[in-house]
Amino acid sequence: MNVIGYVRVSTSGQAKDGYSLSYQQDEIRLFCEEQGWCLQEIFIDEGISGAKVDEEALEVDRIGFQNMLATLVTGNYDAVVVLNTSRLWRSDIVKVLVHREFKKYGVDVKSIEQPTYSIHKKDPSDFLINGLMELLDQYQRLEIALKLGRGRNKKAQQGGYAGGRAAFGYQVQKGSKAIEVNELQARTIRRLFDIRIQNPTWTLTRLAVQLNEEGFTTQQGKSFTKVQVKRILDRKEFYQGQYRYGGIEAKGLHQAII
C-alpha cells in the first residue's frame, strides 16, 4: 500500500495530550514499517485546531491538510495514516468534510490507536450529519443568490446595468459595470426600425430578408431570421433609453440608440 501520514498539534494540545509532532511522526513511520506499507510523505499542521473550518468555502482550513489534498490529486494513494482520528478532526462538521474529500480520492483513514476504523463503515450519525451538511450547502447557495439579487435589483432601480449578457446593440468592456453602444450593431437596429416605419405591413420574415439583402448581419456574423428581428423590435423601449429588470422599470443610464 502507498500511504501518506498526517500529524497535527494545537497550541495547547501538545502539553495536554502528549502528542508532539516528533512523537506522532515516529509512531507513523514505525507503524508503516511494521505493516509493510510504503510511506511517501508526512504532512504537518502545528498550532492548529482540529475543529478549524472555513465556513464560507466549507473546507478544512489548515495549510498542511490542504497540501495533503493537493498531493492526493496528483498521486495514487490508498490511505492517510494518523496516530488517531482526532488529529484529522475534533468536530462532526470537520469529520464530514474530511470524509467527503478522502472518498473523492478513494483514500481511507488508518488510525494507529483505532485499528478497526474506516471511513467506509456505515454510521447512522454520519448519515444525519451528511444530510445537515447538504442542507447547509443549499442554504449558503440560496443566501448568496439572494444577496446578488438584492444588489442587482438596487442597481436596476437606479436604471443601471444589472448584469447578464448585453443586448444586441450594446457591449460591456472588461472590468466595466456599465454598457455602452456598439456602433456597428446600433446601425443595424436603427435601420430595422426605419424599415418597420416605412413598411408597417411587412412580416418579420420580410424584414429579416431586407436586412440581409442590405448586408446587415447578426452578432455572430450570420444572416438575420424572423426570431432575431422580433427580439430587436420587442426591445424598442430599451433602445429608447428605458431599463427593465424583472418587474422593475426605470429610466436607463445607458445611451439610447433610437
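1. Start with Asn-182, which sits in the loop between β8 (179–181) and α6 (183–198). Once its neighbours within four places in sequence are set aside, Asn-182 is in contact with Gly-169, Tyr-170 and Gln-171; contact here means heavy atoms within 4.5 Å. Asn-182 is buried, at a relative accessible area of 15%. The cut-offs: buried is under 20% relative accessible area, exposed is over 50%, and partly exposed is in between, with a 1.4 Å probe and protein chains only.

2. A word on ground rules. This is a predicted model, in which local features need pLDDT of at least 70 and side-chain atom pairs count only at pLDDT 80 or more, while totals for chains, interfaces and linings use all residues. Residues are numbered from 1 along each chain as its sequence is written, and side-chain values use heavy atoms, leaving out hydrogens and water. Helices (H or I, at least four residues) and strands (E, at least two) are DSSP runs, numbered from the N terminus.

3. Now the sheet. Four strands make an open, parallel sheet in the order β2-β1-β5-β6; strands pair if DSSP finds at least two bridges between them. The edges are β2 and β6 (108–111), each pairing on one side only. From one strand to the next, the twist averages 25°.

4. Strand β1 (residues 2–9) deserves a look. Seven of its eight residues are buried, so β1 is largely enclosed by the rest of the structure. With β2 (residues 38–46), β1 pairs in the parallel sense over seven bridges; Val-7 is opposite Ile-44, and Val-9 is opposite Glu-46. Towards β5 (residues 79–82), β1 runs parallel and has three bridges, with Ile-4 partnered by Val-80.

5. Two helices go with this sheet. Helix α2 (residues 21–35) packs on the sheet and touches β1, β2 and β5, its direction making about 160° with that of β1. Helix α3 (residues 63–74) lies across β1, β2 and β5 and runs at about 150° to β2. The axes are lines fitted to C-alpha atoms, for helices over the stretch in contact, and angles run from 0 to 180 degrees between N-to-C directions.

6. On to the rings: the structure holds nine aromatic pairs. Rings of Phe, Tyr and Trp (its six-membered ring) pair if their centres lie within 6.5 Å; planes under 30 degrees apart are stacked, over 60 edge-to-face, and the rest tilted. Phe-168 and Phe-224 have ring centres 6.1 Å apart and planes at 85°, so this pair is edge-to-face. They are 56 residues apart, with Phe-168 in the loop between α5 (124–157) and β7 (170–172) and Phe-224 in the loop between α7 (204–213) and α8 (226–234). Both are buried.

7. Tyr-170 and Tyr-239 have centres 6.3 Å apart and planes at 5°, so they count as stacked. This pair links strand β7 to helix α9 (residues 236–239) across 69 residues.

8. Arg-206 lies over the face of Trp-202, 4.2 Å from the ring centre, and the charged end of Arg-62 sits over the ring of Phe-65, at 5.6 Å from its centre. The criterion is NZ of Lys or CZ of Arg within 6 Å of the ring centre and within 35 degrees of the ring normal.
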